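Please look through the sequence and the model displayed below before reading on.

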Amino acid sequence: MTMDRRTLLKGAAAAGAGAAVSAATTAEASSVRPTAPPDAVGMLYDATLCIGCRACVTACKTANNMPGNLYDPPNDLNGETKNIIKLYEEDGEKSYMKQQCMHCIDPGCVNACMIGAFKKREFGIVTWDKDRCIGCRYCQVACPYNIPKFQWDTAVPEIVKCELCNHMLARGEEPGCVQACPKEAVIFGTYEELLADARQRIADHPERYYPAGAPEIFGDTEGGGTQVLYLAGVDFEKLGLPELGDEGVGVHARAVQHGIYRGFIAPVALYGILGAVMWRNRRAAAKEGSDE
Amino acid sequence: MGWRDERLGVPAGSPRDEGVDRRDFVKVCTMAAAAVGLPASAGLKMAEAAEAGLKPSVIWLHFQECTGCTESLLRTSHPGLAELILDLVSLDYHETLFAAAGYQIEEALHQAMEANAGKYICVVEGAIPTKDDGIYCKIAGRTAIDILQDVGSKAGAVIAIGSCASWGGIPSADPNPTGAVGAPEILEGIPVVTLPGCPANPYNFLGTALQYATFGTLPALDDKNRPLFAYGRTIHEHCPRRAHFDAGRFVRQYGDEGHNLGWCLFAMGCKGPETHANCSVIDFGEIPGCWPIGIGHPCFGCTEKGVGFHKPMHQEAALPENAVPPIFPDHRSSAGAAAAGVAGLVGGAVIGAGLMASKKLAEGGGEEGSS
């Protein structure tokens with residue numbers, strides 16, 4: 001088979017158009033707000049109740065067999081910390097903040113993971129499978145909340161993030177942090193129950209929550225919704241929660257990751273071009289050889 | 001000879017019963033010094049001062065209180081009250097302990113104040129009512145305010161023992177019908193060492209009083225004039241149940257599994273995190289475990305103004321904000337620029353040496369090939 005310049009260009013154009021179309025259809029499909037799975041569970045953290053005792057930080061480490069302790073406390077999520085309490089304090093405003101995986105309804109990490117090490121499983125829990133992971137850390141790039149952490153200091157590193165203590169849920173126990181909290185600042189329940197509870201709290205004490213006048217639940221619509229919900233007395237952005245639209249955070253990851261491979265057109269086109277170049281070079285070399 | 005002497009190992013017919021000899025007296029002084037955390041040499045100094053007749057005069061005032069602080073002091077044994085008031089200090093006025101009453105005891109007060117003006121220790125026990133010109137507490141026709149201003153202003157040192165005298169205590173609890181306040185608010189301009197507690201640990205009093213008696217100095221104080229040796233840290237910092245707090249093991253209900261296992265009482269309203277006192281470090285009245293947390297009850301915050309008798313028992317305490325990271329922590333690398341530079345140099349040297357070695361090897365290989 002011979003490929004002339006005309007055929008090659010035609011193939012490349014077709015591949016480009018295919019990729020563009022597929023990206024457009026992806027975006028169109030996911031502009032519909034994602035809905036939580038019917039069995040979704042999650043957590044509700046109320047920053048106005050948290051007192052910063054950090055019992056949940058230790059309880060998380062115990063529940064997940066993670067090293068480290070409060071006498072040498074972590075200052076952020078890291079390769080051995082899946083849950084952390086932080087403090088926002090500025091201009092007389094003060095609030096604690098609990099940071100862990102949000103268990104997005106449309107997660108970025110799951111869509112970015114090219115070989116399915118990240119999965120949204122039963123109860124909508126986002127889990128990570130160490131037997132599949134190749135350590136590319138695309139999940140870290142895809143997460144708008146900066147949650148997945150990589151064990152940079154170990155020979156066989158793992159991705160570390162909250163998996164909602166699903167090993168304990170299987171035994172009928174609540175997650176470690178929820179069990180430890182002395183103030184019930186973080187509670188566990190089904191997604192629907194938690195949303196209803198949060199709305200009830202806002203109705204009961206509208207003056208307590210942010211923003212004044214029309215309090216919001218972070219995670220109700222943000223980033224397509226998260227199964228971990230937040231109530232706070234200060235601006236969520238000050239607590240490190242990014243300003244996100246109602247679009248699912250998985251949309252962009254899908255556009256990039258899935259768009260490239262859609263219909264296998266782009267890979268075929270890329271390797272087709274490379275093959276053509278090689279074929280041409282070889283032919284030129286053979287010609288040179290025969291000339292000598 | 002009483003049970004206390006038996007416990008202390010004083011043999012029958014010892015000098016105590018027939019007058020004290022020097023050796024035993026120095027022993028008592030040294031024991032007193034050691035018990036309250038003074039150096040051993042302080043015992044000898046104390047004994048010498050007492051022998052020279054320089055025992056400090058103590059005038060003890062009672063106002064609105066339950067006498068619990070005196071009662072606690074009566075039950076100390078290192079030194080015992082007898083040694084304290086007979087050997088180490090000269091207790092010249094104390095309404096509870098004095099056999100005298102009425103005109104007799106008033107006479108004693110005025111005599112002691114005249115004889116030791118500017119030198120005596122004025123100990124205040126109880127809050128002072130200020131409402132309606134202070135008529136709610138009167139002794140010998142004078143209000144508590146008058147007495148305290150009179151006695152306190154001529155003292156060498158003023159020590160407020162107990163929460164009532166320190167900041168108002170129980171009498172100042174809402175609605176505070178008598179307008180009760182602590183001694184420092186009456187004695188403005190005069191430094192008052194406060195030893196809050198309900199009752200105050202007698203050893204904190206002995207440590208302060210004996211240091212003044214021996215060296216003429218007062219211990220280092222915090223911003224609320226509490227001795228740092230006793231009130232420098234919160235109960236929470238040295239709590240025997242602290243490990244349970246850090247691990248999130250909380251008692252949720254009296255009598256539950258965690259309560260039986262001695263877990264942290266924070267969720268039950270323990271005020272340990274906001275209460276400055278040494279209860280978790282020094283046994284009260286030398287009885288191990290004899291304090292609220294020791295018997296499985298939350299700390300009540302009795303020493304802390306605005307906490308004890310003011311906050312509800314089961315309301316959770318405010319926690320200190322130390323060691324909680326900010327929302328966006330600083331992730332500077334632990335390796336400094338210099339260390340990175342050294343590592344770079346070493347790495348470069350290794351690569352350079354490797355290049356040279358491979359070059360040499362290649363040259364050697366070429367020679368072999370040609371031979």
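A:Arg54 sits in the loop that runs between strand 1 (41-46) and helix 2 (55-63) of chain A, where helices (H or I, at least four residues) and strands (E, at least two) are DSSP runs numbered from the N terminus. The phi angle of A:Arg54 is near 65°, which is a positive value in a residue other than glycine. A:Arg54 is buried, with a relative accessible area of 13%; here buried means under 20% relative accessible area, exposed means over 50%, and partly exposed lies in between, using a 1.4 Å probe and protein chains only.

A positive phi in a residue other than glycine is also found at A:Asn146, with a value near 60°. A:Asn146 is placed in the loop between helix 4 (138-142) and strand 6 (149-150) of chain A, and A:Asn146 is partly exposed, with a relative accessible area of 45%.

## How the model was made and read

This is a predicted model, in which local features need pLDDT of at least 70 and side-chain atom pairs count only at pLDDT 80 or more, while totals for chains, interfaces and linings use all residues. Residues are numbered from 1 along each chain as its sequence is written, chains are lettered from A and ligands numbered from 1 in the order in which they are written, and side-chain values use heavy atoms, with hydrogens and water left out.

The predictor gives the complex an ipTM of 0.74 and a pTM of 0.72. Chain B averages a pLDDT of 84, and 89% of its residues score at least 70, pLDDT being the predictor's confidence in each residue, from 0 to 100. Over residues 1-5 of chain B the pLDDT is below 50, and this stretch has 11 contacts in the model beyond near neighbours in sequence, a contact meaning heavy atoms within 4.5 Å. Residues 7-18 of chain B also have a pLDDT below 50, with 16 contacts beyond near neighbours in sequence. Where pLDDT is low, the predicted coordinates should not be read in detail.

## The fold of chain B

The secondary structure of chain B comes to 14 helices and 9 strands, and buried residues make up 47% of its 371 residues. Among contacts in chain B between residues at least 6 apart in sequence, 72% join residues at least 24 apart.

Two cis peptide bonds can be described in chain B. One runs from B:Asp174 to B:Pro175, with omega near 5°, and B:Pro175 lies in the loop between helix 8 (162-167) and strand 8 (180-181). Another runs from B:Cys198 to B:Pro199, with omega near -5°, and B:Pro199 is found in the loop between strand 9 (192-195) and helix 10 (202-215).

## Where the chains meet

In the model, 23 residues of chain B are in contact with 29 residues of chain A. The area buried between the two chains is about 2,000 Å², of which carbon and sulfur atoms give 56%; buried area is the accessible area (1.4 Å probe) that two parts lose on being put together, summed over both. B:Asp246, B:Glu321 and B:Ile327 supply 31% of the area that chain B buries against chain A, more than any other three residues.

The count between chain B and chain A is 1 salt bridge, a term for a side-chain nitrogen of Lys or Arg within 4 Å of a carboxyl oxygen of Asp or Glu. B:Glu316 forms a salt bridge with A:Lys183, and the closest N and O atoms are 2.8 Å apart.
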